[in-house]
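Please look at the sequence and the model before reading on.

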Amino acid sequence: MIVLVPILRLQYMIMAQAPKRITKKYNPMQTNTIHQCTFLALFAVLIWGINGLSAQQGKIDSLLIELDKHQTDETRLALLIQVSTAYSSNDFDKAREYIDQSLKLTRKLDNKRKEVDALILYGKIWDEQGNIDKAKEMYEAAGELAKAIAYPEGIIKSKLKSCRYYIGRSNSSLVFELLNEALEESRKIAHLGLEINSLYIMGAHHNRLGNYTEALNVLLEALPLLHNSDEFVGKTYFFTSEIALSYYESGDIENAIPYAKQAITGAEEDHNLGALS
């Protein structure tokens with residue numbers, strides 16, 4: 001859904017590698033306790049990762065059982081996309097197998113919108129394998145088809161996904177051009193989820209470039225919007241982790257720590273700490 005954020009790295013920086021001006025506030029016993037907490041956090045991430053893989057496989061198994069049960073093309077299409085999505089983070093060959101089936105079925109049904117969505121997912125699968133050129137090809141195909149059928153959500157999604165390619169190519173001017181277009185278009189069609197996504201990617205990219213003030217402005221603008229979007233229920237930690245990073249890198253540790261704690265707590269509650277580390 002959204003670009004991954006290294007929450008554990010945030011905790012490590014803030015709790016174990018804080019600048020000397022911060023560690024001076026702690027006596028040796030307190031500093032040792034901080035390092036012990038960091039070790040326990042590392043161990044917790046390992047456990048979360050193992051549990052997460054097990055839960056993911058269980059989800060895949062359930063979807064495959066449902067896929068065997070249903071014969072209607074529309075239902076099978078929805079399940080094929082879900083299976084491909086579930087495999088996309090841990091089994092590239094399986095993810096491709098099911099997304100290929102999804103694309104064939106969208107074309108059989110002549111469901112152009114679902115074809116756009118499947119192409120975007122195919123791009124994401126290539127993206128996660130590190131083949132950003134192939135990913136860009138899929139995102140652009142999705143964007144062209146979305147324009148042809150006047151599918152604004154598909155156009156915006158393809159632009160947001162294409163940003164990853166240009167980030168990888170260090171073309172920040174084009175990244176921000178695409179993000180500003182996506183933000184304007186999502187507001188035009190009153191699509192809150194896509195607006196929030198646009199703001200998040202923009203803020204995160206500002207962080208990567210070291211533009212911490214700009215990042216904070218964008219991320220703090222997005223934060224209140226989360227309460228009005230069902231898509232982001234329980235996902236606030238993506239934003240609070242980036243906000244913590246902005247404050248930390250700006251030297252404002254006092255504001256960084258509460259947001260980092262919120263991020264870690266949120267990721268734990270969402271059983272996603274391992275995936276975000």
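## The second largest pocket

The second largest pocket has a volume of about 210 Å³. A pocket here is an open set of points on a 1 Å grid over the protein atoms alone, where a 1.4 Å probe fits, with protein on both sides within 12 Å along at least five of seven lines; lining residues have an atom within 4 Å of a point. Grid points are joined across faces, edges and corners, and the volume is the space filled by probe spheres set on them. The model is predicted: local features need pLDDT of at least 70 and side-chain atom pairs count only at pLDDT 80 or more, while totals for chains, interfaces and linings use all residues. Residues are numbered from 1 along each chain as its sequence is written, and side-chain values use heavy atoms, with hydrogens and water left out.

Among the lining residues are Lys136, Tyr139, Glu140, Lys159 and Leu178. Helix 7 (132-148) and helix 8 (152-168) each supply at least two residues of this lining, and the largest share, six residues, comes from helix 7. Helices are DSSP runs (H or I, at least four residues), numbered from the N terminus. By class, the lining has four nonpolar, three polar and five charged residues. Ala, Val, Leu, Ile, Met, Phe, Trp, Tyr, Cys and Pro count as nonpolar, Asp, Glu, Lys and Arg as charged, and the others, Gly among them, as polar.

## Helix 6 and helix 7

Helix 7 also packs against helix 6 (residues 112-128): their axes come within 7 Å and cross at roughly 165 degrees. Axes are lines fitted to C-alpha atoms over the stretch in contact, and angles run from 0 to 180 degrees between N-to-C directions. The two helices are therefore roughly antiparallel (an angle over 145 degrees). Their crossing is left-handed, meaning that the near helix is turned anticlockwise from the far one by less than a right angle.

The contact (heavy atoms within 4.5 Å) includes Val116, Leu119 and Trp126 of helix 6 and Met138, Tyr139 and Leu145 of helix 7. It has 13 nonpolar, one polar and five charged residues.

## Helix 9 and helix 10

Helix 9 (residues 172-188) and helix 10 (residues 192-209) have axes 8 Å apart, at an angle of about 160 degrees. They are therefore roughly antiparallel, and helix 9 passes helix 10 in a left-handed crossing.

The contact divides into ten nonpolar, six polar and two charged residues.

## Helix 11 and helix 12

Helix 11 (residues 212-222) packs against helix 12 (residues 237-249) at about 150 degrees, with the axes 9 Å apart. That makes helix 11 roughly antiparallel to helix 12. The crossing is left-handed.

Contact residues include Tyr212 and Leu216 of helix 11, and Phe239 and Tyr247 of helix 12. Nine residues of this contact are nonpolar, one is polar and two are charged.

Methods
Parallel < 35°, antiparallel > 145°, perpendicular 65-115°, else oblique.
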